[in-house]
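Thanks for coming. I will take a few minutes on one model, so please have the sequence and the structure in view.

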Amino acid sequence: MTTICTDGETIAADMLITGNGLKHGTFSKLARMKDGSVAGIAGGPFDLAPFVEWYEGDRKEPWCGPDGTEILVLSPGGIIHCFNHIGRSFVCTPPQAIGSGAAVAYGALEMGASPKQAVEAASKRDLRTGGGIESMSCG
């Protein structure tokens, strides 16, 4: 899967793409949106663009993605929104992490690591996290 995490100021993600027990390459899992928010996806990376289109649109209907997909959005002012594949969303407090390496990332964040360092820690323990790390600040 992946590891995406935020401390309310910066969001970080690994770039490894996996499936069926194989490594398939790397891909950006973060996207900056028109309002300055940054979205990170745990799930299929090609599902990030449809989410961004929905988020920047009228949002009349809840967003529903492929099974198991989670999206973390860091908005200006440090507001964090979590979205799941069945159309549910909620505002959450920092630090926040999603994906297969979330438990390791949470531990690192709680000990004072930056989001990038937390994803680095997860990549050492989680088989589905790796392939480089990207991070973005909100605004």
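What follows covers the sheet, the helix on it, a separate hairpin and a salt bridge.

First, the ground rules. This is a predicted model, in which local features need pLDDT of at least 70 and side-chain atom pairs count only at pLDDT 80 or more, while totals for chains, interfaces and linings use all residues. Residues are numbered from 1 along each chain as its sequence is written, and side-chain values use heavy atoms, with hydrogens and water left out.

Helices (H or I, at least four residues) and strands (E, at least two) are DSSP runs, numbered from the N terminus. Two strands count as paired if DSSP finds at least two bridges between them.

Now the sheet. Five strands make an open sheet in the order β5-β6-β7-β8-β9, with antiparallel pairing. At its edges are β5 (30-32) and β9 (89-92), each pairing on one side only. On average, neighbouring strands here are turned by 20° against each other, direction ignored; axes are lines fitted to C-alpha atoms, for helices over the stretch in contact, and angles run from 0 to 180 degrees between N-to-C directions.

Helix α1 (residues 48-56) packs on this sheet and touches β5, β6, β7 and β8 (79-84), contact meaning heavy atoms within 4.5 Å. The direction of α1 makes about 50° with that of β7.

Look next at β7. Five of the six residues of β7 are buried, that is, under 20% relative accessible area, with exposed over 50% and partly exposed in between (1.4 Å probe, protein chains only). β7 (residues 70-75) pairs with β6 (residues 38-42) over five bridges, and six bridges join β7 to β8. L72 is the bridge partner of G40 and also stands opposite C82 in β8. Three residues separate β7 and β8 in their hairpin, where G77 in the turn has a positive phi of about 90°.

There is another hairpin, that of β3 and β4. Strands β3 (residues 16-19) and β4 (residues 22-26) pair antiparallel over four bridges, with L22 as the partner of G19. Two residues lie between these strands, and N20 takes a positive phi near 55°.

Last, how many salt bridges are there? The count is one, taking a side-chain nitrogen of Lys or Arg within 4 Å of a carboxyl oxygen of Asp or Glu. The side chains of D14 and K29 meet at 3.2 Å, N to O. D14 lies in β2 (residues 10-14) and K29 in the loop between β4 and β5, so the pair ties together parts that are 15 residues apart in sequence. D14 is buried at 0% relative accessible area, and K29 is buried at 1%.
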